[in-house]
Amino acid sequence: MTESVLYHVSEGVATITLNRPDVLNALNAELLAGLREAIDKAARDDAVRAVVLTGAGRGFSAGADLAARKDAGPVDAGQTLRERYHHMILTLRSMPKPVISAVNGVAAGAGMSIALAGDVVLAARSASFIQAFSKIGLVPDAGSTYFVPRLAGEMRARALAILAEKLDAEEAQRIGLVWKVYDDAALADETGKLARHLAGMPTQAYAMIKEALNATFGNDLAEQLELEATLQSRACKTEDFREGVTAFVEKRKPQFKGR
Ligand code: T3D
């Protein structure tokens, strides 16, 4: 794997770190290829039961590498998105295990889209979020027009995309883009604690929760009720469900295996 992405597995948690700190982890071809490889690896590995996505240095990601673009001549960013981003965003959303985005610094443009593709978004107090696209004459991409309205509402999505104002972490939390904000020095520890906790929980239930919530805005109520029932039939056949109920009755801590 490239040096632009670090991949580390410990205690059931895969930590994927965007690693071009000098340019705030701007997304060039090498980093995007490494990120795709790391995300695929984490998704496939059954020993990985939670994934953390974060950035090295003072940024999460400043979005597309604009310097790489400057001398590249005419480019079709749409094609770049199809080839390098879509699989990765879809995999983050659909992988059968929870993904935590630990936003350690600025998340701009497609960097913000990638952060929002996580299931739980945590942020450092000094982190910020910018739909930077319109500042350089682009439209939000890599999922931003999907995630932002769903998380924060349509008016906020429109204003954020059109005005391209920087949101600080607390404001991002207030409008629903972020779950929790931690002091900068505490973010890594708090993320690690949460990720290890999730890695010890019933992974298949998390996979099915993702499946249900991924479908919710495309379904009507009857369809969603049916999906819930189908998933619940599957969930109650898992070893972890049996263990959860048995441990409750025996008044002990459950030992979930992710099966
Ligand atoms: O891949 C594709 O084509 C798909 C399409 C994707 C669409 C997008 O993602 S569009 C959005 C592209 N991103 C941006 O427009 C953000 C550009 N960056 C900024 O506006 C600012 O850097 C930030 C607000 C993110 C942070 O500002 P600040 O003051 O904290 O840092 P800085 O000094 O501007 O940046 C630090 C360094 O990172 C600097 O390098 P230097 O001068 O120290 O050598 C800067 O040039 C570099 N950098 C920051 N962002 C990018 C970048 N280098 C390349 N590409 C960047 N996007």
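Of the 259 residues of the protein, 46% count as buried, a label given to residues with under 20% relative accessible area, with over 50% counted as exposed and values in between as partly exposed (1.4 Å probe, protein chains only). The model is a predicted one, in which local features need pLDDT of at least 70 and side-chain atom pairs count only at pLDDT 80 or more, while totals for chains, interfaces and linings use all residues. Residues are numbered from 1 along each chain as its sequence is written, and side-chain values use heavy atoms, with hydrogens and water left out.

The overall fold comes next. The protein has 11 helices and 10 strands, taken as DSSP runs (helices H or I with at least four residues, strands E with at least two) and numbered from the N terminus. The radius of gyration of the protein is 19 Å, close to the 18 Å from the globule rule for 259 residues, so the protein is as compact as a globular protein of that length; this radius is taken over C-alpha atoms, and the rule is 2.2 Å times the number of residues to the power 0.38. Along the principal axes, the C-alpha atoms fill a box of roughly 65 × 40 × 35 Å. Among contacts (heavy atoms within 4.5 Å) with a separation of 6 or more, 68% join residues 24 or more positions apart. The protein exposes about 13400 Å², of which carbon and sulfur atoms supply 56%, with accessible areas from the Shrake-Rupley method with a 1.4 Å probe and, for residues, only the protein chains shown counted as cover.

A polar side-chain atom of Arg58 is found 2.9 Å from an oxygen atom of the ligand. The backbone takes part as well: an N or O atom of Ala64 lies 2.8 Å from a ligand nitrogen atom, and one of Ala110 lies 2.9 Å from a ligand oxygen atom. Of the 1100 Å² of accessible area that the ligand has on its own, the protein covers 66%.

Most residues other than glycine have a negative phi. Ala142, however, has a positive phi of about 55° and sits in the loop between strand 8 (128-130) and helix 5 (144-152). Ala142 is buried, at 6% relative accessible area. Ala164 likewise has a positive phi, near 50°, in the loop between helix 6 (154-163) and strand 9 (167-168), and is buried at 4% relative accessibility.

Two further residues complete the picture. Arg20, in the loop between strand 2 (13-18) and helix 1 (29-44), counts as buried at 19% relative accessibility. Not counting residues up to four places away in sequence, Arg20 touches Ser4, Asn25, Ala26, Asn28, Leu31 and Asp65. Leu227 belongs to helix 10 (residues 221-235) and is buried at 18% relative accessibility. Beyond its neighbours within four places in sequence, Leu227 is in contact with Glu211, Ala212, Ala215 and Asn219.

How values were computed. A polar contact is a pair of N or O atoms within 3.5 Å; within protein, one must be able to donate a hydrogen and the other to accept it, and residues adjacent in sequence count only if both atoms are side-chain atoms.
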